[in-house]
Every structure is written in C-alpha cells, then in structure tokens.
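Take a look at the model below. We will go through its strands, then its metal site.

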Amino acid sequence: MKAMLLRGPNTPFELVDLPDPAAGPGEAVARVITCGSGLTIQHVKAGRRPVQFPRVIGHEITAEIVEVGAGVSHLRVGDPVTAYYYLNCGHCRWCLAHREPLCLEARGNVGLECDGGYAEYIKLPAHIFIKLPETLDWRAHPAEIGVITDALATPYKVLRRAHVAPGETVAVIGAGGGVGIHQVMMAAWANARVIAVDVAADKLSACRKAGAEATIDPRGIDLAAALRDMTGGHGVDVVVDYVCTRATLEAGVNALGRRGRLVVLGGAAQPFQVPAREMLLKELDVLGSRYVTRAEILETFAIVARGEVWPLVTDIRPLAEAEAVHARVERGEVTGRAALRVA
Ligand SMILES: [Zn+2]
C-alpha cells in the first residue's frame with residue numbers, strides 16, 4: 001500500500017510502498033478515505049512528541065472496513081468507520097465505567113504508538129474502530145466527518161466536564177487553533193456567550209463567524225482584568241485553556257467569577273498557581289479534560305447529523321501533499337482543520 005512515512009523526528013514525509021496490513025485475531029483493517037491533519041500529529045513530525053520511528057501518523061479518519069480478523073463480530077466488510085484516538089483496553093474499571101481516556105492499560109494513541117491514517121489501509125484492534133451512523137453523509141463529506149472524533153468531540157466533552165449552562169460566559173484561550181475554533185462553535189451551540197482569546201486577527205475573525213460574541217488579543221494587556229471588564233466585573237463562568245502556559249492559566253483563574261471553572265487541556269501544560277483564598281471565596285473549580293469518551297463521540301455524531309454544528313475543514317488535499325499541509329499547520333496558517341484525501 002501507499003503510505004506517507006516519517007522516518008524520524010523533524011524529517012520530511014516519504015511516500016513509500018508498505019506491505020498491506022492483514023487483520024489478526026481481534027483486529028480489523030480499513031481502507032482510508034481521508035485523514036485529518038492537526039497540530040497533535042504535527043507535534044510528532046516536528047519531534048515535540050516522541051514516538052518510535054518509522055511511523056505512519058494520523059488518527060482523524062473516515063474509512064471503510066475491508067477485512068475483519070477472527071473473533072470480531074461487531075464489524076463487517078463495507079462498514080464505514082472512524083477511529084477512537086486512544087488505544088484503550090476496553091476491559092479495565094475505567095473502560096467499563098465509560099471513561100475510556102482514563103484507561104489503566106492504554107497502549108498509547110492511534111498514529112503515535114501504532115501506524116495511523118496517512119496510508120491506504122489502517123489496521124487497528126477492532127474495538128478501536130467506531131462505526132459511522134447512517135445519518136452522517138460520510139460519502140459526500142469524508143474529511144469533515146473524519147475530524148469529529150477529535151476536533152469536535154473534544155470541545156463537546158469540555159462542555160459536559162465544566163457543566164456549561166445556557167447564558168453562561170465561556171472564554172476560550174487559543175480560540176483560533178484547530179480545536180479552539182470548534183470549542184467556540186460548540187460553546188455557542190450550547191447557548192453560552194463566547195469570548196475568543198487569540199493573537200491572530202484573521203483567526204479572531206473566523207472565531208466571530210464560528211459564534212464568538214467578542215474577541216480579544218491578549219498581547220500587552222492584563223487578560224484577566226480585560227475578561228472581568230467584559231463581564232461587567234463579575235468574572236467569566238468558564239475559561240477553557242488550549243494554550244496552557246503559566247501566563248494563560250493564571251490569567252484564566254484570575255478571570256473567573258463566583259463558581260467559575262477553569263478547564264485545562266493540552267498545550268504547553270506548564271505548572272501554575274491558583275490562589276487558594278480566591279478558590280475558596282468564589283468556590284472555583286480547576287478541571288482537567290482529557291480527550292472524550294466513546295459515548296461523547298456518538299453524541300457529537302448526532303449533533304452533526306442533525307445539522308446543528310458542522311466541522312470546519314478549510315484545506316483538503318491529496319496525501320501526496322502532506323508535507324505542504326503540515327508546513328501550514330506548523331506555521332498556524334490553517335483555520336479549523338486541514339485534511340488529506342487518501343482514496
Ligand atoms: Zn481500559
């Protein structure tokens with residue numbers, strides 16, 4: 001099969017021929033149609049996320065099952081599928097409690113610890129594939145449907161994690177990023193008032209189109225004070241931080257009002273300080289939010305199927321152009337998501 005291979009950190013992609021994967025017991029193989037190209041996997045290419053090379057990256061797939069191994073009963077040849085990002089075990093106490101991102105026996109991530117979607121075929125443990133419902137038009141929009149599992153479902157999970165209620169104010173830090181802009185979209189969908197925080201003017205304008213009521217460039221200002229001002233001095237109900245530097249996290253905490261919630265996701269993941277007295281007096285919550293559960297992916301499918309939210313994929317190119325797409329992702333030039341068309 002054709003595959004876009006990385007032989008090491010910070011090296012160009014190489015279009016190579018690899019043996020077609022064969023499904024062993026408990027596994028399935030799917031023919032990849034499209035695969036999303038986000039910053040998470042660019043971190044691998046740039047060497048910021050260590051993996052074992054050579055590696056085929058990519059996890060936001062739309063694909064069709066072409067082979068199922070022995071003992072696999074829930075998938076059939078021809079089933080349209082996408083992939084769960086975590087290689088969760090499926091049987092530990094956290095998997096059984098439908099909190100799969102907290103799996104005790106997880107073997108890493110699709111496209112990081114095993115080969116992913118930048119190839120004609122992808123082989124995974126069968127339970128990692130998620131069947132696409134009939135209600136999603138994956139044939140007409142494979143790139144958009146393929147990024148739901150991460151770019152759209154992750155923000156949906158954040159709404160639940162932080163118990164975002166209609167009418168609340170949600171500030172999204174890093175709102176111009178691939179997941180950030182979908183967070184803006186999902187928070188607006190939840191009838192929250194959304195403030196988008198980012199540094200690029202074109203990204204902030206895209207955030208407005210995605211549903212942000214206000215935007216703010218944090219450079220050279222006191223972000224916490226600005227956010228408090230924008231809420232009449234009350235403070236923001238929920239801050240979602242996709243940047244997670246010490247500065248953004250502390251600005252986020254200090255921007256919160258009573259019963260405010262700070263949601264911490266990936267990004268720089270730096271340590272930060274929370275003033276305990278403020279936390280007590282305002283009854284603040286500081287929450288981590290790690291990927292999504294499978295149930296949350298199904299719920300996000302339903303929202304998209306009803307036409308209430310639509311994934312923002314602005315750059316779809318053939319697999320052969322992976323290098324150029326990743327250069328744009330690295331430079332932060334992509335609004336929403338980019339995706340590669342494999343088949
Ligand atoms: Zn598990």
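Start with two definitions. A strand is a DSSP run of E with at least two residues, numbered from the N terminus. Two strands pair if DSSP finds at least two bridges between them. Keep in mind that this is a predicted model, where local features need pLDDT of at least 70, side-chain atom pairs count only at pLDDT 80 or more, and totals for chains, interfaces and linings use all residues. Residues are numbered from 1 along each chain as its sequence is written, and side-chain values use heavy atoms, with hydrogens and water left out.

Now find strands β8 (residues 169–173) and β9 (residues 193–197). They run parallel, joined by 5 bridges. In β9, V194 is the residue opposite V170.

Step back to the sheet. It is open and has 6 strands, in the order β10-β9-β8-β11-β12-β13, with parallel pairing. At its edges lie β10 (214–216) and β13 (285–288), and each pairs on one side only. On average, neighbouring strands are turned by 20° against each other, direction ignored. Such angles are taken between axes, lines fitted to C-alpha atoms, and run from 0 to 180 degrees between N-to-C directions.

Next, the metal. Which residues coordinate the zinc ion? They are C89, C92, C95 and C103, each through SG, at 2.3 to 2.4 Å. Donors are N, O and S atoms within 2.8 Å of the metal (3.2 Å for Na, K and Ca); water is not among the atoms, so sites may look incomplete. In sequence, the donor residues follow the spacing C-x2-C-x2-C-x7-C. The arrangement is tetrahedral because the 4 donor atoms subtend angles of 103 to 115°; four donors count as tetrahedral if all angles lie between 85 and 135 degrees.

Conventions
Tetrahedral: all angles 85-135°; square planar, octahedral: opposite > 155°, others 65-115°. Helix = DSSP H or I, 4+ residues; strand = E, 2+ residues; numbered from the N terminus.
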